[in-house]
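Please keep the structure in view while reading.

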Amino acid sequence: MIVRPDPFIAIGEIETAQRRIGAHIRVTPVERSGSLSERSGVPVALKLEHHQHSGSFKFRGATNAVLNLDEAQRRAGVVAVSTGNHGRGLARACAMAGVRCTIAMSSLVPQNKIDAIRGEGAEVLIHGRSQDEAQIEVDRLVAGGMTMIPPFDHRDVIAGQGTLGLEILDAMPDVATVLVQLSGGGLICGVAAAIKARRPGVRIVGVSMERGAAMHASLAAGRPVEVPELPTLADSLGGGIGLANVHTFAMVKALVDDVVLLTEREIADGIAHAYWQERQIVEGSGAVGLGALLAGKVALDGPTMLILSGGNIDMGLHYRIVSGEDFDVAGEAA
Ligand SMILES: *Cc1c(COP(=O)(O)O)cnc(C)c1O
């Protein structure tokens, strides 16, 4: 008999994660957005998670997974494929825990992200021109005894990201709507599981980009499907959800109320708004909640929380976007 793992991550696992990682993460600030509250007629607050260690929420899930390894696994070390922020978060978590870390990535990953991961003390292996090709390298290392920690479809990773949901409820107990970045779904599943366990009526809205929204396409198809990977300002939201997805597809289907998609222009507007109105430097993926509100793509009926999920952006690109110059990341003129 094949025993399938329970796809759902429970609130108890998220509370355990909070105790496990609490001493190592930043409880990131929440700030009211005057401009967005005025514009939308409801209180709007920003969770400034781009100030998390390593520059994104990925540090939460990575730290939870690394601290949950047994002694033999710690000694053999961990490995992952990453387009950037997961590798960076995992590298930092491993450095903190004294565990050896190897990150494999494709040759398409921007140099600033590669340098950042090396800077956190991890070994970087460049392999192939896609996540799938980099994965082959990881499979080889796992066969040699290392532990793979994937970026989203993993119990401890999802539970770690869920600690962000607990912090949102602490900061805004009467929250009605939470806008959450959606790629593989580790973040939104953790946040939704934490929040809906305590406040089932809270609406969770996923935000992805039009160019390569794998979870959105999978929901429409009723099963995990692949979509072409396209260049986008929201580069941390790229990549598939895995055709053998165990947790996040089922959880998103059950817990996420709506998914909206943004154009490159709308993502750029989010980055510019974060800078000029909120005085925050966020990457494209971090700004999609802002972009969705500014574009009027989400109807709001009460206190609303947006997550600024990451800040790891090339500063030259950031400068061009906030100055209103052509950004042309995806062949779209500004
Ligand atoms: C990884 C990432 C996301 C998406 O998270 P998933 O768990 O894959 O849905 C959003 N924003 C940033 C900055 C990220 O690094």
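Q: How far apart do the C-alpha centres of domain 1 and domain 2 lie?

A: The C-alpha centres of domain 1 and domain 2 lie 23 Å apart. This is a predicted model, in which local features need pLDDT of at least 70, side-chain atom pairs count only at pLDDT 80 or more, and totals for chains, interfaces and linings use all residues. Residues are numbered from 1 along each chain as its sequence is written, and side-chain values use heavy atoms, with hydrogens and water left out.

Q: Into which residue ranges is the protein chain divided?

A: Domain bounds come from an automatic or database domain assignment. Here, domain 1 covers 11-55 + 154-322, and domain 2 covers 59-148.

Q: How many residues of domain 1 are in contact with domain 2, and what area do the two domains bury between them?

A: Contact means heavy atoms within 4.5 Å. In this model, 29 residues of domain 1 are in contact with 19 residues of domain 2. Buried area is the accessible area (1.4 Å probe) that two parts lose on being put together, summed over both. For domain 1 and domain 2 it is about 1,900 Å², with 47% on carbon and sulfur atoms. R20, S54 and N312 supply 30% of the area that domain 1 buries against domain 2, more than any other three residues.

Q: At what angle do the axes of helix α3 and helix α8 cross?

A: Two packed helices are described by the angle between their axes and the distance between the axes. The axes of α3 (residues 58-67) and α8 (residues 155-171) cross at roughly 130 degrees and come within 7 Å. That angle makes α3 oblique to α8; angles under 35 degrees count as roughly parallel, over 145 as roughly antiparallel, 65 to 115 as roughly perpendicular and the rest as oblique. Axes are lines fitted to C-alpha atoms, for helices over the stretch in contact, and angles run from 0 to 180 degrees between N-to-C directions.

Q: Which residues of α1 and α3 make their contact, and how are these helices oriented?

A: The axes of α1 (residues 11-21) and α3 come within 10 Å and cross at roughly 85 degrees. The two helices are therefore roughly perpendicular to each other. A17, R20 and I21 of α1 meet R60, T63, N64 and L67 of α3. Helices (H or I, at least four residues) and strands (E, at least two) are DSSP runs, numbered from the N terminus.
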